[in-house]
Amino acid sequence: MTTQFIPTGCSKLDELLGGGIPLGRLTLIYGEAGSGKTTIALQASVSAARMGFKVLYLDCDRRIPVERLKAFAQKDFDEVSSRVIVSRPESFSEQTM
């Protein structure tokens, strides 16, 4: 069985990961503040949407403005945004539901 990957938007990172983020697996992205975690998550979300997947993006920090998603999607923003659902939990208990 061949593993499919979602591109991260960074070719060097995709190369290090063996092709990108593997489909069907839970992937944890962690690092210090300002290390690019949100950028990678947004770029991978756009890539997945372009592949035809529905994406649920949990914005627990409430810091993802539409303009930032537009910057990554650019010319196909309308199509990409129709597949990306952004949820902004109001409390820790909502994050665990």
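Is Arg 88 buried, partly exposed or exposed? Arg 88 comes out as partly exposed, with 35% relative accessibility, where buried means under 20% relative accessible area, exposed means over 50% and partly exposed is in between, using a 1.4 Å probe on protein chains only. Keep in mind that this is a predicted model, where local features need pLDDT of at least 70, side-chain atom pairs count only at pLDDT 80 or more, and totals for chains, interfaces and linings use all residues. Residues are numbered from 1 along each chain as its sequence is written, and side-chain values use heavy atoms, with hydrogens and water left out.

**Confidence**

- The protein chain has a mean pLDDT of 88, pLDDT being the predictor's confidence in each residue on a scale from 0 to 100.
- In that chain, 95% of the residues reach 70 or more.
- Strand β1 (residues 5-6) has the highest confidence, at 96, and helix α5 (residues 92-95) has the lowest, at a mean of 70; helices (H or I, at least four residues) and strands (E, at least two) are DSSP runs, numbered from the N terminus.

**The largest pocket**

- The largest pocket holds about 1,000 Å³ of space, a volume being the space filled by probe spheres set on grid points that are joined across faces, edges and corners.
- A pocket here is an open set of points on a 1 Å grid over the protein atoms alone, where a 1.4 Å probe fits, with protein on both sides within 12 Å along at least five of seven lines; lining residues have an atom within 4 Å of a point.
- There are 34 lining residues, and Ile 29, Ala 41, Ser 45, Tyr 57 and Leu 58 lie nearest the centre.
- By type, the lining splits into 18 nonpolar, nine polar and seven charged residues; Ala, Val, Leu, Ile, Met, Phe, Trp, Tyr, Cys and Pro count as nonpolar, Asp, Glu, Lys and Arg as charged, and the others, Gly among them, as polar.
- Helix α2 gives the largest share of the lining, seven residues, while β2 (21-22), α2 and β3 (55-58) each supply at least two.

**Ser 45**

- You'll find Ser 45 in helix α2 (residues 37-50).
- Ser 45 is buried, at a relative accessible area of 8%.
- Leaving aside residues up to four places away in sequence, Ser 45 touches Val 55, Tyr 57 and Val 84, a contact being heavy atoms within 4.5 Å.

**Salt bridges**

- The count is three salt bridges, each being a side-chain nitrogen of Lys or Arg within 4 Å of a carboxyl oxygen of Asp or Glu.
- Arg 50 and Asp 76 pair up at 2.8 Å, N to O. This pair links distant parts of the chain, 26 residues apart: Arg 50 is in helix α2, and Asp 76 is in the loop between α3 (66-73) and α4 (77-81).
- Asp 59 and Arg 88 make another, at 3.0 Å, N to O. They also link distant parts of the chain, with Asp 59 in the loop between β3 and α3 and Arg 88 in the loop between β4 (84-87) and α5, 29 residues apart.
- Asp 59 is buried, with a relative accessible area of 3%.
- Arg 83 bridges to Glu 79, with the closest N and O atoms 3.2 Å apart; Arg 83 is partly exposed at 21%, and Glu 79 is partly exposed at 45%.

**Gln 74**

- Gln 74 sits in the loop between α3 and α4 and is exposed, at 60% relative accessible area.
- Its phi is near 50°, a positive value in a residue other than glycine.
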